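Hi everyone, thanks for making time this morning. I'd like to walk you through one model, going from the overall layout to a few individual residues.

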Amino acid sequence: IIGNINIQQLQLMINLTHVKHLYIKPNLTFENSSDLIDFFQQMPRLHELAITEDLLRSLLQCSDLCENLRGRIRTLTIIYERYKKFTIFYHQEMISRFQKTFENIEMFTGGYLSSIEHLRYLMENFSKLSMIELHVDLTPDEKYPYEQLESDLLKCKTEFDISFTYSGNL
């Protein structure tokens, strides 16, 4: 658990103003949102972020933190947590905050998405997105042809590494 004292100790070891790339391990948590805001405010050059979905969800629930990060992150990696699917796309408020906070995203590595519609959302709403790497779990009613998806991605001039599995019986 990272708190204000830990952030101060970290500042003594590292000049956080020079941090451009940040990987936050899955087992790290922050005591409260003000510590998280304080932490990210120390890194004005940050443009690449790797975090768990749980931490992303916490981040998106704090409007001050969303505003602090807005437009800064160009590369976002959602750290894969076994047996977890990326679920912020199920909540309209989270989708809206995600889109505003990460409006300049160019590269997205997201682990798992639970629907082809979530992938379409990324393709349609992030004009600067040029690289997508993730896995999509398709349901039986999502018999979306791979060729059509590939064609759509190529129209967007997006490089992609997408794997698919089908859940349920086909």
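Helices (H or I, at least four residues) and strands (E, at least two) are DSSP runs, numbered from the N terminus.

Two notes on where this comes from. This is a predicted model, in which local features need pLDDT of at least 70 and side-chain atom pairs count only at pLDDT 80 or more, while totals for chains, interfaces and linings use all residues. Residues are numbered from 1 along each chain as its sequence is written, and side-chain values use heavy atoms, with hydrogens and water left out.

Now the overview. The chain has seven helices and six strands, and along the sequence they follow the pattern α-β-α-β-α-α-β-α-β-α-β-α-β. Of the 170 residues in the chain, 44% are buried. The chain exposes about 9500 Å², with carbon and sulfur atoms supplying 49% of that; these accessible areas come from the Shrake-Rupley method with a 1.4 Å probe, and for residues only the protein chains shown count as cover.

I'll also talk about contacts, meaning heavy atoms within 4.5 Å. Taking contacts between residues at least 6 apart in sequence, 75% join residues at least 24 apart.

Next, the inside. A nonpolar core here is a set of buried Ala, Val, Leu, Ile, Met, Phe, Trp, Tyr and Cys residues joined through side-chain atoms within 4.5 Å. Which residues touch the most other members of the largest one? They are Phe 40, Leu 59, Phe 98 and Leu 119, out of 47 residues in that core. Helix H6, residues 116–125, gives the largest share of this core, with five residues. As a general background point, nonpolar side chains tend to be buried together in soluble globular proteins.

Let's stay with H6 for a moment. H6 is mostly covered, with seven of its 10 residues buried. Those buried residues are Ile 116, His 118, Leu 119, Arg 120, Tyr 121, Leu 122 and Met 123. Take Met 123: it counts as buried because its relative accessibility is 10%. Beyond four places in sequence, Met 123 is in contact with Ile 132, Leu 149, Asp 152, Leu 153 and Cys 156. Met 123 and Leu 153 are 30 residues apart in sequence, yet their C-alpha atoms are 7.3 Å apart in space.

Back to Leu 59. Setting aside neighbours within four places, Leu 59 is in contact with Leu 36, Phe 40, Leu 49, Ile 51, Leu 65, Cys 66, Leu 69, Thr 101 and Phe 102.

How do helices H3 and H5 pack? H3 (residues 53–60) and H5 (residues 92–101) meet at an angle of about 90 degrees, with their axes 10 Å apart. The axes are lines fitted to C-alpha atoms, for helices over the stretch in contact, and angles run from 0 to 180 degrees between N-to-C directions. Angles under 35 degrees count as roughly parallel, over 145 as roughly antiparallel, 65 to 115 as roughly perpendicular and the rest as oblique. H3 and H5 are therefore roughly perpendicular to each other. On the H3 side we have Leu 56, Arg 57, Leu 59 and Leu 60, meeting Met 94, Arg 97, Phe 98 and Thr 101 in H5. Those residues divide into five nonpolar, one polar and two charged, where Ala, Val, Leu, Ile, Met, Phe, Trp, Tyr, Cys and Pro count as nonpolar, Asp, Glu, Lys and Arg as charged, and the others, Gly among them, as polar.

Finally, a pair of loop residues. Lys 20 sits in the loop between helix H1 (4–13) and strand E1 (21–23), and His 47 in the loop between H2 and E2. Is each of them buried or partly exposed? Lys 20 is partly exposed because its relative accessibility is 40%, whereas His 47 is buried, with a relative accessible area of 16%. Leaving out residues up to four places away, Lys 20 touches Arg 45, Leu 46, His 47 and Glu 48. By the same rule, His 47 is in contact with Lys 20, His 21, Arg 72, Ile 73, Arg 74 and Thr 75.

Technical notes:
Buried means under 20% relative accessible area, exposed over 50%, partly exposed in between (1.4 Å probe, protein chains only).
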